[in-house]
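Hi there,

Here is the structure I said I would pass on.

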Amino acid sequence: MISRRMIGWGSQDCAIREISAYGEKRAAEIGADKVFNFTIGNPSVEPPDCVHESLERMLKELPPEKLHSYTPAPGLESVRQSMADYLQRSFGVGYRAKDVYMTSGASSALAILAYALLSPGDEMLTFTPCFSEYRLYTEAAGGRLVEVPTDEDSFQLDVGALEKALTPRSAAVLVNSPNNPSGVIFRREKLEQLAELLERKSAEYGHTIYIIADEPYRELVYGDMEVPFIPAIYRNTVYCYSFSKTLSLPGERIGFIALHPELDDYASVYAAVCGAGRALGYINASSIFQLMVAECIGETVDISRYEYNRDFIYGALTELGFSCVRPDGAFYLFVKAPGGDSRDFCRRAMEHNILLIPGDEFGRGGYARLAYCVTPERLHSSIPAFRALAEEYGLVSKTE
Ligand code: PLP
């Protein structure tokens, strides 16, 4: 009696991992320098010094029972206090240790929140393009993901489109800024409109519609762009954070959930988060990494490499006639598929050994995602292949 649902999800490989695995196979065949694998958001910049210093010191100085023991299910009190203090210092919202639940990265935080906030048949709304796993977390919890397209030219929130999609079954809205895959940061004015709409609709439906703010890229921002802190705009926000990108630690699996202290039905939401954590087995995030992030919170990788890459690849591709919105954050470029068919575009790019992810995976056909979190040398050496692709589409004239 094996679960058909789980067999389905397990056999249908995540396209990002599948194309990335193809890239590795191809690299073994023709040489790694000839394959331009822009599929996966794996940071290429070293973690800040604080990470290794803190780990080395802890390994030398702390007794095993501090390093390796079970912690309380939501995390160590002192660590949760550090997360709360940091949020309070940075954004002026009065978080307390008891508002924080430590998780294995944002993935488990999102899965917990889908289980905690949705009853079977409830709707989770999100804006597309969006992170491909949102659908899975929502459906696993028995909910229904409702995709609302962002504005066509800017990928900014279309609050009017969200209003049309809301129904009395709407339970939460998932917002990811800086955004994967568009790199766009949602503007304050749009978030204020969103807050006003959700307050109005919550009153109309007689239940709170929560925001889940998924922010693993909060620190990866170029120039002086503001990333508005959504819980300070809309009190009924559950904040979801990960150290995967900020500290370049995707393999260590550490992050947290923070409930706004003035959340409606606070006690029930907190109990539901703890219940979902237990039900899913997402308790007691890695104790060593909890201790490390308590020391390193506020530190960030050197983002100048990503900023250089953003400028370089955006400049090079637009010069070749490709069209894309200039990203303000994260490390992705969402390129418009010439001809409009993103799968065909990615297939043709693959013939030039350029590996991209079709926008359909992010709920937005007609585009392809390029992850530029690679070395600058990789980006430089990919340009002749992009030129050949642009020539094939007639975007530039053929070189002799
Ligand atoms: N949310 C978004 C928007 C992401 O892009 C990712 C990972 O790429 C995650 C969540 C999951 O991140 P984590 O490594 O913390 O599980």
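Glutamate 226 is partly exposed, at 43% relative accessible area (under 20% is called buried, over 50% exposed, and partly exposed falls in between, using a 1.4 Å probe and protein chains only). Its side chain meets that of arginine 188 in a salt bridge, at 2.7 Å from N to O; the term stands for a side-chain nitrogen of Lys or Arg within 4 Å of a carboxyl oxygen of Asp or Glu. This pair links distant parts of the chain, 38 residues apart: arginine 188 sits in helix H9, and glutamate 226 in the loop between strand S6 (210–214) and helix H10 (230–233). Helices (H or I, at least four residues) and strands (E, at least two) are DSSP runs, numbered from the N terminus.

Two notes on provenance. The model is predicted, so local features need pLDDT of at least 70 and side-chain atom pairs count only at pLDDT 80 or more, while totals for chains, interfaces and linings use all residues. Residues are numbered from 1 along each chain as its sequence is written, and side-chain values use heavy atoms, with hydrogens and water left out.

Back to arginine 188, which is partly exposed at 34% relative accessibility. Arginine 188 also forms a salt bridge with glutamate 192, at 3.8 Å from N to O. Those two are about one helical turn apart, because four residues separate them in helix H9 (residues 188–205). Glutamate 192 is partly exposed too, at 41%.

In total the structure holds 27 salt bridges. Another one of them pairs aspartate 264 with arginine 235, at 2.9 Å from N to O. Here the partners are 29 residues apart, with aspartate 264 in the loop between strand S8 (255–259) and helix H11 (266–280), and arginine 235 in the loop between H10 and strand S7 (237–242). Aspartate 264 has a relative accessible area of 25%, and arginine 235 has 34%.

Now for the backbone. Which peptide bonds are cis? One joins threonine 128 and proline 129, with omega about 5 degrees, and another runs from serine 177 to proline 178, with omega near -10 degrees. Proline 129 lies in the loop between strand S3 (123–128) and helix H7 (134–140), and proline 178 in the loop between strand S5 (170–176) and H9.

Serine 248 is buried, at 10%, whereas aspartate 265 is exposed, at 53%.

Best wishes
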